[in-house]
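Dear colleague,

Please find below the structure I wish to hand over to you. My findings follow directly after it.

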Amino acid sequence: MKKEELSRLSLVNHMSVRALSQAMDASQLRQHVINHNIANVDTPYYKAKRVRFEDVLLQELNKASRFKGRVTDPRHIPIGRPGQGAVTPEVTVETGTKMNNNGNNVDIDAEMALLAKNGLWYQALAQSLNHEFRQLRHVITEGRG
């Protein structure tokens with residue numbers, strides 16, 4: 001196999017694997033932020049933080065061109081490949097709400113629900129990524145293992 005062909009088959013460049021990996025990273029960050037919010041539930045003037053990823057990803061996908069050029073030679077430059085760059089999650093601070101008299105806006109019940117939801121989301125992403133790797137292994141071994 002030529003070097004150009006190997007780079008095209010690289011798992012790192014596989015679009016669905018990359019997107020799932022970025023989503024898992026965002027979910028890990030979200031888990032950390034939620035845990036931080038819970039730890040500061042009684043801290044005066046603490047403002048809850050949130051992680052924005054899904055809407056940032058959607059914006060990036062909407063920007064991507066639907067046009068895709070055909071590559072007939074390994075020296076061609078690919079045109080219109082969506083999802084080229086990494087989508088970075090954004091951590092935002094909620095300033096518009098107030099839960100306690102001390103200026104803290106952390107709602108422990110909401111945080112616990114978000115924690116459970118995020119845990120399920122991470123598990124689903126991990127299962128999807130595992131499925132992608134199983135499919136790639138099946139293709140590489142030509143169904144023999």
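**Salt bridges around Arg50**

Glu94 has a relative accessible area of 26% and is therefore partly exposed. Please bear in mind that this is a predicted model. The side chain of Glu94 meets that of Arg50 in a salt bridge, with 2.9 Å from N to O. Glu94 lies in the loop between strand S2 (90-93) and helix H4 (108-140), while Arg50 belongs to strand S1 (residues 49-52), so the pair ties together parts that are 44 residues apart in sequence.

Arg50, at 21% relative accessibility, is likewise counted as partly exposed. Arg50 also forms a salt bridge with Glu111, where the closest N and O atoms are 2.6 Å apart. This pair links distant parts of the chain, as Glu111 sits in helix H4 and Arg50 in strand S1, 61 residues apart. Glu111 counts as buried, at 1% relative accessibility.

Arg30 lies in helix H2 (residues 15-39) and Glu54 in helix H3 (residues 54-63), so parts 24 residues apart in sequence are tied together. Arg30 is buried at 15% relative accessibility, whereas Glu54 is partly exposed at 37%. The count of salt bridges comes to 5.

As for the chain overall, the secondary structure comprises 4 helices and 2 strands, in the order α-α-β-α-β-α from the N terminus. Of the 145 residues, 22% are buried.

With kind regards

Key. Residues are numbered from 1 along each chain as its sequence is written. This is a predicted model: local features need pLDDT of at least 70, side-chain atom pairs count only at pLDDT 80 or more; totals for chains, interfaces and linings use all residues. Side-chain values use heavy atoms; hydrogens and water are left out. Buried means under 20% relative accessible area, exposed over 50%, partly exposed in between (1.4 Å probe, protein chains only). A salt bridge is a side-chain nitrogen of Lys or Arg within 4 Å of a carboxyl oxygen of Asp or Glu.
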